[in-house]
Amino acid sequence: MNHLKDLNSKIAKNKDKLDIWLEEQISKVFIPLYTSVDLRISDHKIVPVDTNVFPAGFNNLSDTFRKQASSLFEGYFNREYPNMNSILIVPELHTRNTFYWENISVLKSILANVGYRVEVGIISDDDLPEEMEFEAASGNKVKAYRALKDNNRVTIPNLNPDLLLINNDFSEQCPKTLRDITQPVEPPVEIGWHTRKKSIHFEFYNKLAAEVAQILEIDPWVISIDTIDDYG
């Protein structure tokens, strides 16, 4: 698509200006540990239609990017939690999507590859068995344990983790198990969709897109999103 080539050219030409702008934005706001963005591309526009603070696509990363992800996680955790050794991944539960569990399997390996002990813990109000197993798309089995709160810490039978890594949007509400605990939680459950509206999210995005468009000297419409006022 010619418009994408033209946009790439303008981005490359203005990289230094964009880097300065990006650093200014980062200094103003909280940045989640990880995120992913769903893009939609047409002959005339390219826009992010959804931003996932709890991304479920680590299985789509190439080997090169999985190694890079390991390094990035390690750098972040060494900086923010220098004495951390163990991680409990908190995934979604009510899904039979084998590709989602492949995502969890890959995420677990990405973290384990840089020396962390990593387990999977299920948080649910349902009466769950102590140990569960889920099939990933590759045929790998993902072992998970029922996670419970004990003395303001979330634990599983074989681990009292140093950190909880959330891979579950908890769209309806933050579960009681994750409230008032002493362990760090990344990303914070409070920024799930149960406390956000896409209309507000897109409103902020469009303001930032307008600033980027000014740097690139393009029509803001090319990278902006049209929204409906009551869109939730």
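Ala, Val, Leu, Ile, Met, Phe, Trp, Tyr, Cys and Pro count here as nonpolar, Asp, Glu, Lys and Arg as charged, and the others, Gly among them, as polar. By that scheme, the lining of the largest pocket has 27 nonpolar, five polar and four charged residues. The structure is a predicted model.

The largest pocket holds about 1,700 Å³ of space. Its lining is made of 36 residues, and the closest to the pocket centre are Leu-22, Thr-51, His-201, Tyr-205 and Leu-208. Two or more lining residues come from each of helix 1 (2-13), helix 2, strand 1 (36-41), strand 2 (46-52) and helix 5 (198-216). Helix 5 gives the most, with nine residues.

The second largest pocket has about 530 Å³ of space. Among the 19 residues that line this pocket, Leu-33, Tyr-34, Thr-35, Leu-72 and Phe-73 are the closest to its centre. Here helix 3 (residues 63-80) gives the most to the lining, with eight residues.

| Pocket | Volume | Lining by class |
|---|---|---|
| Largest pocket | about 1,700 Å³ | 27 nonpolar, five polar, four charged residues |
| Second largest pocket | about 530 Å³ | 13 nonpolar, four polar, two charged residues |

Leu-22, listed above for the largest pocket, lies in helix 2 (residues 15-26). Leu-22 counts as partly exposed because its relative accessibility is 43%, and partly exposed covers values between the 20% limit for buried and the 50% limit for exposed. Together with Ile-26, Val-29 and Ile-31, Leu-22 forms a nonpolar patch on the surface, and the accessible area of the four together is about 330 Å².

How values were computed
Residues are numbered from 1 along each chain as its sequence is written. This is a predicted model: local features need pLDDT of at least 70, side-chain atom pairs count only at pLDDT 80 or more; totals for chains, interfaces and linings use all residues. Side-chain values use heavy atoms; hydrogens and water are left out. Patches are made of residues with over 30% relative accessible area and no salt bridge: like charges are joined within 9 Å, nonpolar side chains (Val, Leu, Ile, Met, Phe, Trp, Tyr) within 5 Å. Accessible areas come from the Shrake-Rupley method with a 1.4 Å probe; for residues, only the protein chains shown count as cover. A salt bridge is a side-chain nitrogen of Lys or Arg within 4 Å of a carboxyl oxygen of Asp or Glu. Helices (H or I, at least four residues) and strands (E, at least two) are DSSP runs, numbered from the N terminus. Buried means under 20% relative accessible area, exposed over 50%, partly exposed in between (1.4 Å probe, protein chains only). On a 1 Å grid over the protein atoms alone, a cavity is a set of points where a 1.4 Å probe fits but cannot get out, and a pocket is an open set with protein on both sides within 12 Å along at least five of seven lines; lining residues have an atom within 4 Å of a point. Grid points are joined across faces, edges and corners, and a volume is the space filled by probe spheres set on the points.
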